Amino acid sequence: MRNAKKAVAAMAAITTLVGLAACGNSSTAKVDTDTANAKGEIVFWGWGNGIKETIDAFEKANPNITVKYSSTGTAADTATALQNAIAAGKGAPDVIMLEDATVPQFVVDGSVIDLSQFGADKFADDFAAGPWAKMLQEGKPYALPIDSSPEVFFYNKATFDKAGVDGESIKTWDDYYEAAKKVRALGGDYYITNSIDYQPFLAQAWQAGAQPFKVDGENITINMNDKGLQQYVAFQQKLIDEDLINPKITNWSDDWYRSLGDGTTATLSIGAWMPTDLETGAAAGKGNWRVAQLPQWTDGEEASSEDGGSSLAITAQSKNTAAAYKFAEFLTHGDGAKVMADHGTFPATKKLLEDPSFQSEKNEYFGRQEVNKVLAEAAERKVSKFQYLPYNSFAQSKYGDDVVPAFQGKTTLKDALAKYAKTLADYGTDQGYTVSNQ
Amino acid sequence: MSPQIISAQPMISGKTATSSAISFKTINQHSKTARDNKHKADWRGWKFMWPFAAVFVFVFIIPIVYAVYISFFKKQMIGGTKFVGFDNYAKLMSDMQFWSSVGRVALFTVVQVPIMLFLAAAMALAIDSMKLHGTKFFRISTFLPYAVPAVVSTLIWGFMYGAKYGLVRSFNDLFGTNLDVMVPSVLLISIGNIVTWEFVGYNMLIFYSSLSTIPHSLYEAASIDGASEWQIVKSIKLPELKGSLAITVIFSIIGSFQLFNEPSILQNMVPGNAITTYYTPNMYAYNLSFSGNQSNYAAALAIVMAVITMAIAYAVQLNSMKEQMK
């Protein structure tokens, strides 16, 4: 019996050691900032078009560095994969593509490094203001923006023509509401939008001037009932009550792309990165789509907001930070940015955005519209102050649980958002933040 | 581990020795070498055992102990990791989202498992009856879904279920109906249909193999007695199926409680996020660790679920053992 006890004790001791080792592994490798002599292999996780071509260009320019690329699927999958690697204490790539909104949570836990030690802070004037502002945490850049992502308004002209709506005359959300009724009058599956996801919610509330989250170090204020949100909620509730939002299609699903292709989902309020997704995902809609500035809450204003957008960060686990930074700089700020833009990325550098040949490009998918001109104009519009929660992934996953039922008429949007605010506040408190839920 | 076994050995023989005088004598009469051989035999056994034992400890015992260990901690974004004792378990007991997910899989089990096993048994009896043509083809084709990865089969079914562009749409167009199998109220049934499709062939094969062990002489005896086909099924085949029924029930219960692949794939295909992040206990654990960064709490959840599942499986086993004793 005594031996048996000893064996159990030994086992417990071993597991404790294993456990402690796993916890202690997150110590950061030394940061090497000598980019001029960078060499070796780096691992890069990301998604999207044009990456392979950009890597080819990079390796040609830097023959001493090889980039091992893994396509990690979607923004959410990539953040999950990084989360896993962080929990395991190893296995993270050197360079990681992240959705801008998830960057803060990886800064808070020390998983990505401050890029000002490589001199990235000097790029402040080279990038458009919107995307650059999102890279900063307490004044320091922790990532480099790949694209700018102002929220813009896409509409299917063929459907609008059928419904008797002039897309160019939609200037305010009230105009949008009138158009919504006409599109719905076509019957069947015709709706002006299906949009019931987290990102469009934040972007639209942001444009209304809402500030649902205020983050100041360890203090978080959640307010789902400020003036901007009240305006947003009243408008959305009107659309829901009058059956003007299609609750049966989820963004990014097969149904969604098909409905965009055949025009039954008539508009999209989404980030400026959408054109390539439309071209590849909804090829059937070629020639029918147009892009315009986002409808305004008040006539004559030029308020914008950001939706998504992605950036490159360097992980604290990276053992070759110099080469990693060199690649991140190349893709976002250097010659690689042009290659990315040529493959459909809507650029974040002012140089590319203001390039006349870029702006005057005529897009076949959009009926030879000068799409980039509209998007670049949107990118230069002002955005109000807005912050994401340091636990954005959690907020995104719980949005479906708490808020989406309101779009199915099971509860009101106001109640659903109150419930959502409570879920987020409880989680924040549980994670050690001081949260005030207003 | 091994010293424990050796020290236990004399204790056992000592006990038998004191319990009866006769056996005491017989043991005493054994030569000393015979006893030594017994010891050596134990060591030799462990020499064969250690590769398995080592792997078993590393892939089985240590992860479980580790999961139990981390379930006593809490990791926060602010404040780091600290020991919290049974806090995670206490929190879990009052977590309505957790219990709703348990309730959902329990309901799923109660409805889906009997239907699936009934179908499987009926198929096994049909194939075994020797009255069908093309039994080999039938056997392979019902088993085939089991060989398709769950992710792929869920995708296939998801596309078929689509009320906008899927097979359901075509069905609606053809018959003028307005079916939608992806609405939240019937979603669990739709998932049950996928799971049944996937596993009915597998269970059928277990039933069929136990039917094929019935000696032919029994059938001959039955036909000499003038038994009808139905009487043969009732008196010979069904009693034989009882034994394998316990196995299939336990496998199916464990499988249902671990439901994950099907709802998690369908989550992106079902309109309006009808599949919540806490749809099943496994999905809840997954979301807690990967979007919620709460792997300690998820570990506690995993352990509680393991205990619940084991308790149910054990109850089923006890019950079936009682049945067989009768």
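Is A:Arg368 buried or exposed? In this predicted model, A:Arg368 is exposed, since 11 other C-beta atoms lie within 10 Å, and a residue counts as exposed at 12 or fewer.

**Positive phi values**

- A:Arg368, although it is not a glycine, has a positive phi of about 60°, and its place is in the loop between helix 15 (356-359) and helix 16 (371-379) of chain A.
- Phi is also positive, near 60°, in B:Asn293, again a residue other than glycine, and this residue lies in the loop between helix 13 (281-290) and helix 14 (295-325) of chain B.
- B:Asn293 is buried, with 23 other C-beta atoms within 10 Å, whereas A:Arg368 is exposed.
- As background to both entries, most residues other than glycine have a negative phi.

**Nonpolar cores**

- The largest nonpolar core has 128 residues, and A:Ala313, A:Phe327 and A:Leu375 are those with the most contacts inside it.
- Helix 12 (residues 321-332) of chain A gives the most to this core, with 8 residues.
- Because domain 1 (30-148 + 308-353) and domain 2 (151-306 + 365-437) of chain A both give residues to this core, it lies between them.
- Leaving aside residues up to four places away in sequence, A:Phe327 touches A:Ile42, A:Phe44, A:Phe58, A:Ile65, A:Val67 and A:Val95.
- A second, separate core of 52 residues includes B:Met123, B:Met204, B:Tyr297 and B:Ala298.

**A helix pair in chain B**

- Helix 5 (residues 96-128) and helix 11 (residues 229-257) of chain B have axes that come within 10 Å and cross at roughly 145°, and the crossing is right-handed.
- Residues of helix 5 of chain B that make the contact include B:Phe108, B:Met116 and B:Leu125, while those of helix 11 of chain B include B:Val233, B:Leu241 and B:Phe257.
- Divided by class, the contact between helix 5 and helix 11 of chain B has 12 nonpolar, 5 polar and 1 charged residues.

**Contact between the chains**

- On the two sides of the contact, 31 residues of chain B meet 40 residues of chain A.
- Helix 1 (2-19), helix 3 (32-70) and helix 13 of chain B each supply at least two residues of the side that touches chain A, and helix 3 of chain B gives the most, with 5 residues.
- The side of chain B that touches chain A is made up of 14 nonpolar, 16 polar and 1 charged residues.

Notes
Residues are numbered from 1 along each chain as its sequence is written. Chains are lettered from A and ligands numbered from 1 in the order in which they are written. This is a predicted model: local features need pLDDT of at least 70, side-chain atom pairs count only at pLDDT 80 or more; totals for chains, interfaces and linings use all residues. Axes are lines fitted to C-alpha atoms, for helices over the stretch in contact, and angles run from 0 to 180 degrees between N-to-C directions. Helices (H or I, at least four residues) and strands (E, at least two) are DSSP runs, numbered from the N terminus. A crossing is left-handed if the near helix is turned anticlockwise from the far one by less than a right angle, and right-handed if clockwise. Two residues are in contact if their C-beta atoms, placed from the backbone, lie within 7 Å. Ala, Val, Leu, Ile, Met, Phe, Trp, Tyr, Cys and Pro count as nonpolar, Asp, Glu, Lys and Arg as charged, and the others, Gly among them, as polar. A nonpolar core is a set of buried Ala, Val, Leu, Ile, Met, Phe, Trp, Tyr and Cys residues joined through C-beta atoms within 7 Å. A residue is buried if 20 or more other C-beta atoms lie within 10 Å of its own, exposed if 12 or fewer, and partly exposed in between; C-beta atoms are placed from the backbone. Domain bounds come from an automatic or database domain assignment.
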